[in-house]
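Reader: Could you walk me through this model and tell me what stands behind each label?
Author: Gladly, let us look together.

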Amino acid sequence: MASPPPALDGTCKLLPGPAPGSDVFATVAAEYAALAAEHGPRNVLVLKRHPTGLESLTDALAEIDRERADGGPRSPRIESLPEHASKTIEEYDPTLSRLEYEERIELISLVIDGASRAVPDYLERAAAHESFSRDVGQLLLAATRQRLRLDDLEIDDPHDCLAFLYAMNDRFHAELDDRDYVERADVVPQAVDLLEADADGLRTRVTGSFDAVLAVEFEEYRRLDRRYLAALTRDADLVCLGERHASVERTRVEPGRVATIAAEAGLEVEPLEPVAAAEDGTEGSPPSPPHRAITRFLATGETPDRTTLDAAAGAEPGDAEPAGVARRVRTETAREQVRAVATEIESLRDRHGWSHDEFAVAVPRIERVPETRRRLRDAGVPTATIGTPSLADDPAVNELYAVVTLQCERERDGDGDRFARAESPDRRRGSSDPRDVSLDRLRARVPEFSPDLLATTAGASVRRSLERWIRETDLKGRIALEEDWIDAREQYEGVRRVLEIARFVEETDLVGPDWQGLRRMLRRTIQYDAPYVHAVETRPPTGGVTVCAVDDLKYDSRNAVFLLDLIDETYPGEQFLTQLFPTAWLRNMPAYPAVTAPSDADIAETFETVDADGFGDPFETYHAQRSRRRLALGARAAERALYCCSYERGSGSLQRTYDESRYLKLIESTPGLAFEEIAAAADAAIHGETNALEALLAQPRGELERVLREASTGGEADLGETEALFEEIAVVLEEGDIDDELAEAVRSQFEFAAGEVVRDD
């Protein structure tokens, strides 16, 4: 049964399209200032649909409060909508517990294991794939957020796979209700019910502290979000602020333009021009981005007016400078792509004096963040992204899992014979036995490890036993000593998560409160965990280059933004929505919690960038246009320079080709839009300390190899240049203020080049 349409009373002000991030912040600040002047800053609640970008928006609004504050600094009341809904539920029932991610994995797996309903054959086969559990989890989260229940579906005969999964989800939530848990994805739906029913006078208590609500990012508010907003603002002034041509998340589940949706909800729609951010010509004020026309083209399909451009430039038609220019980086491999980005970042820092936190590197999916960040750091570029990576990749978590595994062995088989055999010289190295693998891991990580250490740290409580292990082996101290601060912080978070799982094991009746129960839950969590599924902080105090998914840049701005992996495989891509089902199935799954069967009218109403003469396949066209919007929103985050980065891909044979995104090709073929090529070759200018060190270390061998090549082919080599280069290096080594280890490394390169592999010092 479809939920009733929300009824909103207020104004919806819409920007004409994605404006530069600083202009968006300035516009929101202006609207907030008007409401604060009328109602007082503490009586204005600012709700943003998504938590990403909340810090930047808070900073922009805090400046308004500081200017108005009479008795000291104030801070605006700004929250994400899910966070506010969570507090609403806590106001109703403070004893209600929110289910943590790890706990959700365990409970839903038990529900599925205990299902009496026959598992469809397709799901049985699909379960063998690595991403199966993750894909199922994402589908059920989406169904929960939209409150899709099997009995309420308007479709008489849903696909048997969806029917099974929805039945499991319903049973899962029945278990949650019995245990007084609430799932995070179910926070907004439950808060809507409580507010609409005014349960125990909840709406009066929640809404009594504000007189006005500014709903930011309104283009992303879904049906249930709008119902929550309607229930919250029955007695408050409501101003919604949105952007046309900017919805990515909402359009995943419901088609339509934000103006149409706002009008149908009862809001008075008004156009709003963006407020320019400090474009007053003073030093430090941001100029108009050179790629602004490209951002507009990607979002709306609007092309530059060539006649106007030529006349303004006083040039013959076709000779004027392009209206929109972005920079393009092409490399042969994905690894070289990141290396070229690192070099360009250091080049920009040398030329403009920008700090590292004025850069952002955006990848298509959040799973690409860990690898990209690591490669940037290997190239000498500090990164700032903090989050919770996959537990399977966390060394500290793997150490604790090894401890749990061995404690299980001790608990089951005793302390004596098996561990004595494990310590014997005849023990087979490289064994795949979990006991042997765990012992090898602990020996490698813990100084002076012995099985006796497991006995001395074991106790009746699994949580306190792990805490004792952490203290006795100085795990946190080892992390701080051996890891960079970013890795250390993430590993501390991993340790915290393991201890939280141990606490949950001791308190729940889902599994036994012992080592076996903890190992089962921890193994399942590690197996099903995804990289960076939890909060990601993009501006920690120490600074550094932000590495994030492109969607996280929507409410952010940096001097330079690098959009990575702009190949057709990712923008728009070949698989939309999920890997769980074939695309052909999705087209015939109207019960799937996303747009799967858009009509031509839906596509035309939602996107202005489609070809009016024909759409091709409606499903692919619809979601390809969403991908194009993602690029536009990532591009608008760049205040000074936008870099579009791509690399060659194999084509099933030895041949490789540039398979650039169709949107890059479209930009390049559009009059008035252009790319500036950035040199990414090995002989390009050297920037950054790491690149300089590598170039210095490569010179001795490279120069001698050049001379040998010339001699072997009968050519002539200018030894004078070689001698001059070597003399210059020698002078630097003798007189320069350089590290002794670096000087030794350079000398070693000369010896290796000369064939002296072993030194006789």
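**Labels and their cut-offs**

Author: Among contacts in the chain between residues at least 6 apart in sequence, 78% join residues at least 24 apart; contact means heavy atoms within 4.5 Å. This is a predicted model, where local features need pLDDT of at least 70, side-chain atom pairs count only at pLDDT 80 or more, and totals for chains, interfaces and linings use all residues. Residues are numbered from 1 along each chain as its sequence is written, and side-chain values use heavy atoms, with hydrogens and water left out.

Reader: Why are H13 and H28 called roughly antiparallel to each other?

Author: Helix H13 (residues 292-300) and helix H28 (residues 618-636) pack at an angle of about 155°, with their axes 8 Å apart. Angles under 35 degrees count as roughly parallel, over 145 as roughly antiparallel, 65 to 115 as roughly perpendicular and the rest as oblique. H13 and H28 are therefore roughly antiparallel.

Reader: Which residues of H13 and H28 make the contact?

Author: H13 brings Thr 295, Phe 297, Leu 298 and Ala 299, while H28 brings Arg 628, Leu 631, Ala 632, Ala 635 and Arg 636. They divide into six nonpolar, one polar and two charged. Here Ala, Val, Leu, Ile, Met, Phe, Trp, Tyr, Cys and Pro count as nonpolar, Asp, Glu, Lys and Arg as charged, and the others, Gly among them, as polar.

Reader: What makes the pair of Phe 218 and Tyr 221 tilted?

Author: The structure holds 10 aromatic pairs. For Phe 218 and Tyr 221, the ring centres are 5.4 Å apart and the planes are at 35°, so the pair is tilted. Rings of Phe, Tyr and Trp (its six-membered ring) pair if their centres lie within 6.5 Å; planes under 30 degrees apart count as stacked, over 60 as edge-to-face and the rest as tilted.

Reader: And what makes the aromatic pair of Phe 562 and Tyr 643 stacked?

Author: Phe 562 and Tyr 643 have 20° between their planes and are 4.3 Å centre to centre, hence the label stacked. Phe 562 lies in strand E12 (residues 558-563) and Tyr 643 in strand E13 (residues 638-650), so the pair ties together parts that are 81 residues apart in sequence.

Reader: How do you know whether Phe 562 is buried or exposed?

Author: Buried means under 20% relative accessible area, exposed over 50%, partly exposed in between (1.4 Å probe, protein chains only). Phe 562 has a relative accessible area of 0%, so Phe 562 is buried. Tyr 643 counts as buried at 0%, and Phe 218 at 2%.

Key. Axes are lines fitted to C-alpha atoms, for helices over the stretch in contact, and angles run from 0 to 180 degrees between N-to-C directions. Helices (H or I, at least four residues) and strands (E, at least two) are DSSP runs, numbered from the N terminus.
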